Amino acid sequence: MKSRWINNLILLLIATLLGLGVCEVIARLITTTNADGQAYYGKRPLLPYRFPAEMVRKKMEYYFNRQSEAYVIDDPLLGWTIGPNRTNIEGMYRSNSAGIRSRPQEYTSVPAAGTLRIALFGDSFTHGDEEPFEKTWGYFLEKYLTEDGLSAEVLNFGVPAYGIGQAYLRWKHLGIKFNPRIVVFGFQPENMKRTVNIFRSLYSRNTWVVFSKPRFIIKPDGELKLLNSPVIPPEEVADTLENFQESPLSEYEYWYKPDNYHRYFLLKSRLISLLYTFFSEYRPRPGGRQDHRSGPHYWDIEGEPMRTSLLILKQFARDAREAGEIPIILHIPKKNDLKLLEQGITPAHYHVFRELEKDGIMVVDPAPKMKGESRLYKHSHYSSRGGRIVARVLANAIVKLLAEKKVSAAFQGKIPSRDLPKSSEL
């Protein structure tokens with residue numbers, strides 16, 4: 001009797017192991033694995049996540065093979081920037097010798113007497129992705145101000161994929177050299193997620209920008225500190241990601257949650273990995289909503305992304321004023337922001353605007369004029385229609401500002417620019 005019981009137990013064990021083996025084979029057949037060893041079920045990645053070192057290595061090789069022709073190039077201080085005298089593959093974007101998007105057109109370091117020079121800083125929305133130069137909001141801004149009777153000149157320092165910290169540093173290292181009178185910082189709220197990112201490939205796995213970037217953190221005394229500056233050289237990025245757990249930067253990469261990358265022994269089984277991924281907390285993708293450091297959500301006013309972004313914007317405004325410039329923060333609303341506003345819901349990032357205004361920093365928000373309008377976007381970025389609305393609202397705000405401060409005459413050539421009041425007087 002005992003022997004029969006043992007035999008049945010052995011048979012059950014064998015059947016169970018065979019069943020699990022078959023399930024393991026099926027799990028491997030219905031999933032895929034990329035060059036980095038990252039397993040996927042359809043488009044959904046399975047735990048544990050793998051670092052995209054091979055993906056970065058291949059894209060970096062492609063970049064090095066066409067570096068002399070690339071529109072966006074690596075930069076030791078900014079991570080990446082627009083190359084000088086470049087044209088992108090499609091021929092839609094062009095830059096001048098300073099790496100500024102233009103017709104192309106060269107700009108002197110000092111504007112002509114009586115000319116109101118305005119410099120724009122921000123990401124792809126400021127750069128004007130998806131549209132030729134003559135259909136960007138920066139172009140329309142210059143056009144509208146000229147029609148309003150001002151001798152205006154708008155310089156577009158926007159760079160695709162930029163974070164808030166990078167836009168600030170581009171002003172600090174390049175924009176200030178062109179002596180603008182007004183500096184406009186295009187605040188696109190999703191950029192707050194980029195603010196706390198070092199390796200863009202960890203935030204967005206399908207990115208074409210595979211460089212690392214500088215990253216600001218808030219020190220215990222409340223001041224900003226810059227990390228990864230100068231940035232890791234492009235040729236070292238893939239190797240750094242391959243052993244990212246050992247990198248001192250891993251502590252400061254917001255889009256790296258160590259538990260999601262830990263290779264637990266049981267997760268070597270594709271079946272267990274599949275089950276664990278689907279029955280654990282929902283993780284849509286590496287770098288996504290659940291793949292960030294512990295603490296408040298990134299839209300939380302106490303969260304690191306919003307606090308750091310706000311501090312950078314305040315620092316930018318202070319520095320611009322000290323340089324004799326007038327800082328303006330321009331809201332760049334995305335589709336979801338407009339949808340929320342149309343429903344009577346104020347997006348969380350409006351907290352940033354309220355805090356900036358408390359410090360006397362000018363904020364311009366075109367969203368009220370964009371609500372209910374159609375065809376504002378090409379695909380992800382503004383169409384010429386959307387750009388015109390943004391430019392018209394900003395132009396009106398600038399004209400009003402100058403009229404209130406009684407300095408508009410200065411920009412019509414009636415008094416020399418050297419006699420203009422400092423920003424502290426405005």
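Tutor: The largest cavity holds about 70 Å³ of space. Keep in mind that this is a predicted model.

Student: How many cavities of 30 Å³ or more does the structure hold?

Tutor: The largest cavity, with about 70 Å³, is one of them. Another is the second largest cavity, with about 60 Å³ of space. For cavities of 30 Å³ or more, the count is 2.

Student: Which helix and which strand each supply at least two residues of the lining of the largest cavity?

Tutor: The lining includes Gly138, Tyr139 and Glu142, and also Val154, Leu155 and Asn156. Helix H4 spans residues 137–147, and strand E7 spans residues 152–156. The elements that each supply at least two lining residues are therefore helix H4 and strand E7.

Student: How many residues of the lining of the largest cavity are charged?

Tutor: Arg103 and Glu142 are among the lining residues, and Arg and Glu count as charged. The lining also has 5 nonpolar and 3 polar residues. The number of charged residues is 2.

Student: How many residues of the lining of the second largest cavity are polar?

Tutor: This lining includes Ser124, Gly128, Thr136 and His381. Gly is counted among the polar residues here. Beside 3 nonpolar and 3 charged residues, the number of polar ones is 6.

Student: Is Glu153 buried or exposed?

Tutor: Glu153 sits in strand E7. Its relative accessibility is 17%, and the cut-off for buried is under 20%. Glu153 therefore counts as buried.

Student: Which side chain does a polar contact of 2.9 Å join to that of Glu153?

Tutor: Glu153 touches several residues that lie beyond four places away in sequence, including Gln105, Tyr107, Leu116, Arg117 and Glu142. Of these, Gln105, Tyr107 and Glu142 also line the largest cavity. The polar contact of 2.9 Å joins the side chain of Glu153 to that of Arg117.

Student: Why does Arg205 count as buried?

Tutor: Arg205 is in the loop between helix H7 and strand E9. A residue is buried when its relative accessible area is under 20%. Arg205 counts as buried because its relative accessibility is 14%.

Student: Which side chain has a polar contact of 2.6 Å with that of Arg205?

Tutor: Beyond four places in sequence, Arg205 touches residues that include Arg50, Pro52, Tyr261 and Pro286. A polar atom of the Arg205 side chain lies 3.0 Å from the backbone oxygen of Arg50. The contact of 2.6 Å, between two side chains, is with Tyr261.

Note on methods
Residues numbered from 1 in each chain as written. Predicted model: local features only at pLDDT ≥ 70, side-chain atom pairs only at ≥ 80, totals over all residues. Heavy atoms only, no water. Helix = DSSP H or I, 4+ residues; strand = E, 2+ residues; numbered from the N terminus. Buried < 20%, exposed > 50% of the residue type's maximum accessible area, 1.4 Å probe, protein only. Polar contact = N/O pair within 3.5 Å; in protein donor to acceptor, adjacent residues only side chain to side chain. Contact = heavy atoms within 4.5 Å. 1 Å grid on protein atoms, 1.4 Å probe; cavity = no way out; pocket = protein on both sides within 12 Å on 5 of 7 lines; lining within 4 Å. Points joined across faces, edges and corners; volume = space filled by probe spheres on them.
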